[in-house]
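Q: Hi! Could you walk me through this protein and its aromatic rings, step by step?

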Amino acid sequence: MECKVSDDERLAAPYERDLLPHSSDDEGQLSDKADSQLDSDEIMKRGAFMEAEGDPNGNTLPSNGVPRWGPQHAGAQQLASMYSAGKRLQETIFTYSSIVAGAFAVALLFFNFRISYLPYSIVSFVLAGVVADFLSGLVHWAADSWGTVDMPIIGKGLLRPFREHHIDPTAITRHDFIETSGDLCGVAIPLFCYISYSLWSSDHHQLPAADFAWHFFLLVLAILIIFTNTFHKWSHTYFGLPGWVELLQRSHIILPKKHHRIHHISPHDTYFCITTGWLNAPLQAVRFWQALEHLIFLATGGQRPRTDDMKWATKVQ
């Protein structure tokens, strides 16, 4: 048994069409949509579906309000049950280790700061936001599109939360910081350690401006990496957020709610960047993700993206 998916939800790439349930009567219309570039009207339509239905996290079908995703979904329940005590321990170690490593790096950089470095710091901050956003998109795209939960190590450790998120988008709002960001803390630890080692071993009595800018860029990048999934979590949280978080979202300094809704219309094939979301529109304009998928499709002799994602979405028991 498969979940019914409406035409407006599909908007799939040509090699994805046969993965998505549809009737023969709709084939011609779907083909026209699939073969055309996802334009701005279709992007806006995706975001409008869930808002119009009063269901911004997309847990119901836009056509009739029938539940499709959420904690009651069989696949979501099975995926959630795979979160183990060992995984929790690993995330806890990463989280507290990153706090120690990060605090040391911040302290060393603070002692090297000069007011004349402020313009360089601003540039470094913006560049770190761009790079973090791109990296978040790259990892998000790869984890959404390729691999299976059955794969050793990365299956349950990395891919499982991505599969769960598409069929229970609100699950992330029920996770604490350790479960949400523990793995990302592990990614940031080497950056913090590099910053600390480099500054501690520096022979300069006063750090040159260019060196400070480089280390500040790495520091901000590491912090943004850690908080990427927190920003993502906030984009699914519609009640109880502090006013300053809402302000950052409305200002598009961090990932806005309406902006991220576009990604959550099946087949989840665009707007992958989830730190700030700054790069989503430019990358979609040049069809960056579609080009990568097409190259992989050709190189692998027909490997389609998001097959495992669709398998979990259509699971009924």
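Predicted model: local features only at pLDDT ≥ 70, side-chain atom pairs only at ≥ 80, totals over all residues.

Q: Got it. How many helices and strands are there?
A: The protein has 14 helices and zero strands. Along the sequence the pattern reads α-α-α-α-α-α-α-α-α-α-α-α-α-α.

Q: And what share of the residues is buried?
A: Of the 317 residues, 50% count as buried. Buried means under 20% relative accessible area, exposed means over 50%, and partly exposed is in between, using a 1.4 Å probe and protein chains only.

Q: Why is the pair of Phe104 and Trp200 called tilted?
A: Their ring centres are 6.0 Å apart and the planes stand at 40°, so the pair is tilted. This pair links distant parts of the chain, as Phe104 is in helix H5 (residues 85-111) and Trp200 is in helix H8, 96 residues apart.

Q: Are those two buried or exposed?
A: Phe104 has 43% relative accessibility, so Phe104 counts as partly exposed. Trp200 has 64%, so Trp200 counts as exposed.

Q: Back to Trp214 and Phe217: stacked or edge-to-face?
A: Trp214 and Phe217 are stacked, with 5.8 Å from centre to centre and 20° between the planes. Trp214 is partly exposed at 42% relative accessibility, whereas Phe217 is buried with a relative accessible area of 14%.

Q: Which rings link into a cluster?
A: Ring pairs join Phe134, Trp141, Trp146, Phe272, Phe288 and Trp289 into a cluster.

Q: What lies over the face of Tyr238?
A: That is Lys257, at 5.7 Å from the ring centre. A charge sits over a ring if NZ of Lys or CZ of Arg is within 6 Å of the ring centre and within 35 degrees of the ring normal.

Q: New topic! How do H8 and H9 cross?
A: The axes of H8 (residues 177-200) and H9 (residues 209-235) come within 9 Å and cross at roughly 175°. Axes are lines fitted to C-alpha atoms, for helices over the stretch in contact, and angles run from 0 to 180 degrees between N-to-C directions.

Q: Parallel or antiparallel, then?
A: H8 and H9 are roughly antiparallel to each other. Angles under 35 degrees count as roughly parallel, over 145 as roughly antiparallel, 65 to 115 as roughly perpendicular, and the rest as oblique.

Q: Now the loop between H11 and H12. Where is His268?
A: His268 lies in that loop, between helix H11 (257-261) and helix H12 (280-285). His268 counts as buried at 4% relative accessibility. Phi of His268 is near 55°, a positive value in a residue other than glycine.

Q: What does the side chain of His268 reach?
A: The side chain of His268 reaches the backbone oxygen of His263 at 3.1 Å. A polar contact is a pair of N or O atoms within 3.5 Å; within protein, one must be able to donate a hydrogen and the other to accept it, and residues adjacent in sequence count only if both atoms are side-chain atoms.

Q: What about His264 and its side chain?
A: The side chain of His264 makes a polar contact with the side chain of His260, at 3.1 Å. His264 is also in the loop between H11 and H12, and His264 is buried, with a relative accessible area of 3%.

Q: Last one: where is Arg306?
A: Arg306 lies in the loop between helix H13 (288-299) and helix H14 (307-313). Arg306 is buried at 3% relative accessibility, and its phi is near 65°, a positive value in a residue other than glycine.

Conventions: Residues numbered from 1 in each chain as written. Heavy atoms only, no water. Helix = DSSP H or I, 4+ residues; strand = E, 2+ residues; numbered from the N terminus. Phe/Tyr/Trp six-rings, centres within 6.5 Å; stacked < 30°, edge-to-face > 60°.
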